[in-house]
Amino acid sequence: MSTIEANFDGLVGPTHNYAGLSEGNVASLNNAKDISNPKQAALQGLAKMKALHDLGLVQGVLAPQERPDIETLKRIGFTGSDSQVIEQAYQQAPSILASCYSASSMWTANAATVTPSADSLDNKLHFTPANLTNKFHRSIEPQVTGNVLRAVFNDEQHFSHHLHLPENEHFGDEGAANHTRLCGAHGDNGIEVFTFGRYAFKKGMPEPKKFPARQTFEASQAVARMHQLDSQNAVFVQQNPDVIDQGVFHNDVIAVGNQNVLFYHEQAFLNEQAFINEVQQKADFDVHFVRVNNEQVSVQDAVQTYLFNTQIVTMPNGEMSIIAPMHCANNSNVKAYLDELVTQNTPIKSVKFFDVNESMKNGGGPACLRLRVALTQAELNAVNPQCIMNDALYGQLTSWVEKHYRDRITNQCLADPQLLIESRTALDELTQILNIGSVYPFQKS
Ligand SMILES: NCCC[C@H](NC(=O)CCC(=O)O)C(=O)O
């Protein structure tokens, strides 16, 4: 078997809620304080994973984080027992408590940047957890993300794990949401496209005016260096600051690549033509640029439907399929665009729609929920087998969700110390199901 690309989806954690934590992410702010349904959220995510497995693709699972994050609450001065810490935080700093309760690690496109061994000078598969410094609730993820990745990709001969970048806005890094790889076949040397929102060390450069640019040029360059990419197979391109101001907080809200296809909106990049030229000059394969113009789909429709936050997957028969959220089927304009796209002369031949509404309401579509990892057969053999989806694991994980998850979390529920106990009990059991050892702080104390 040749090199394949696996999708590792984040399992939605037991405390999934809507806290309006992400300024610049339209859905997160619009749905702030809504009642969430963690059980449904996790089952929606698992249904997508199972469907991709059923299509004959390799599908992995990444464990969620421990929430609430008691260690962080103690670090900022809350004291006493775990329930006292929660009670004080709820009284004195409810927004900080909500941040420490967020299940945002479900969006594993932001877990890390991954470079397949075919692209790296040392022929290893590289992982750098994203530091996610721009949002407090996400900045508390990288340590445990690193623990989880090392437990899943646990073989030094094949996998190289780096420490996340310095925890500072100058090196703001959002992982694979701002990174896509173009290649002929998955096992060929590819072009890695790093998209950034601003420069941290150069003054007077274009940047958004209203919403934050989460990823810096310097962070993207650092990751490329650590992953031992040659200048021939790395391309750095600035996101159009105007679309960040319209709610495109990650590049994967407006562009997605797969193998030799780049599917993007005409307003996605700042210097589109120079970028296309550079990709063409560096690629030793033909790239299909599937460019969507504003008359076909507006930026607003792209942000509302997540047309570009779709997964483009290569099916076992070699054709490509788009894995899209239901929102794309429900918008007549976007649906008409997709109906036409599959009849055109591109490798994309079908579209499949999924209900991931619980995640969408926080600004995370199908592509946000997965981390892509291209693996040779030898590398795939070295992956923790308990984290690879199959019918038995799907059955185990759905029963586990049914047993432990609530179907309703309101803002007031965050004051309930029982939620912490339920969450830890669930996660302790999960680490056994996935055979990942003790990855959480509560398992180490
Ligand atoms: N790649 C999709 C990430 C979505 C994520 N949303 C959130 O964290 C919203 C959480 C809340 O508001 O409760 C974010 O903005 O980073």
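How far is an oxygen atom of the ligand from a polar backbone atom of Asn17?

Guide: The distance between the ligand oxygen and the polar backbone atom of Asn17 is 3.5 Å. This is a predicted model, in which local features need pLDDT of at least 70 and side-chain atom pairs count only at pLDDT 80 or more, while totals for chains, interfaces and linings use all residues. Residues are numbered from 1 along each chain as its sequence is written, and side-chain values use heavy atoms, with hydrogens and water left out.

A polar contact is a pair of N or O atoms within 3.5 Å. At Ala19, a polar backbone atom lies 3.0 Å from an oxygen atom of the ligand. The side chain of His250 also takes part, with an N or O atom 3.5 Å from a ligand nitrogen. The ligand taken alone exposes 430 Å², and the protein buries 99% of that area (Shrake-Rupley method, 1.4 Å probe).

There are 19 residues around the ligand, and Leu21, Ser22, Ser28, His137 and Cys368 come nearest; a residue is near if one of its heavy atoms lies within 4 Å. The shell consists of six nonpolar, eleven polar and two charged residues. Here Ala, Val, Leu, Ile, Met, Phe, Trp, Tyr, Cys and Pro count as nonpolar, Asp, Glu, Lys and Arg as charged, and the others, Gly among them, as polar.

Let us turn to the helices. Helices (H or I, at least four residues) and strands (E, at least two) are DSSP runs numbered from the N terminus. Helix 16 (residues 391-404) and helix 17 (residues 417-433) have axes that come within 10 Å and cross at roughly 170°; axes are lines fitted to C-alpha atoms over the stretch in contact, and angles run from 0 to 180 degrees between N-to-C directions. Helix 16 is therefore roughly antiparallel to helix 17, a word used for angles over 145 degrees. Helix 17 also packs with helix 4 (residues 82-92), at an angle of about 130° and with the axes 9 Å apart. Helix 4 is therefore oblique to helix 17; angles under 35 degrees count as roughly parallel, 65 to 115 as roughly perpendicular, and the rest as oblique.

Two loops complete the tour. The peptide bond from Arg67 to Pro68 is cis, with omega near 0°, and Pro68 lies in the loop between strand 2 (59-62) and helix 3 (70-75). Asn123, a residue other than glycine, has a positive phi near 55°; the loop between strand 3 (112-115) and strand 4 (125-129) holds Asn123.

Notes. A polar contact is a pair of N or O atoms within 3.5 Å; within protein, one must be able to donate a hydrogen and the other to accept it, and residues adjacent in sequence count only if both atoms are side-chain atoms.
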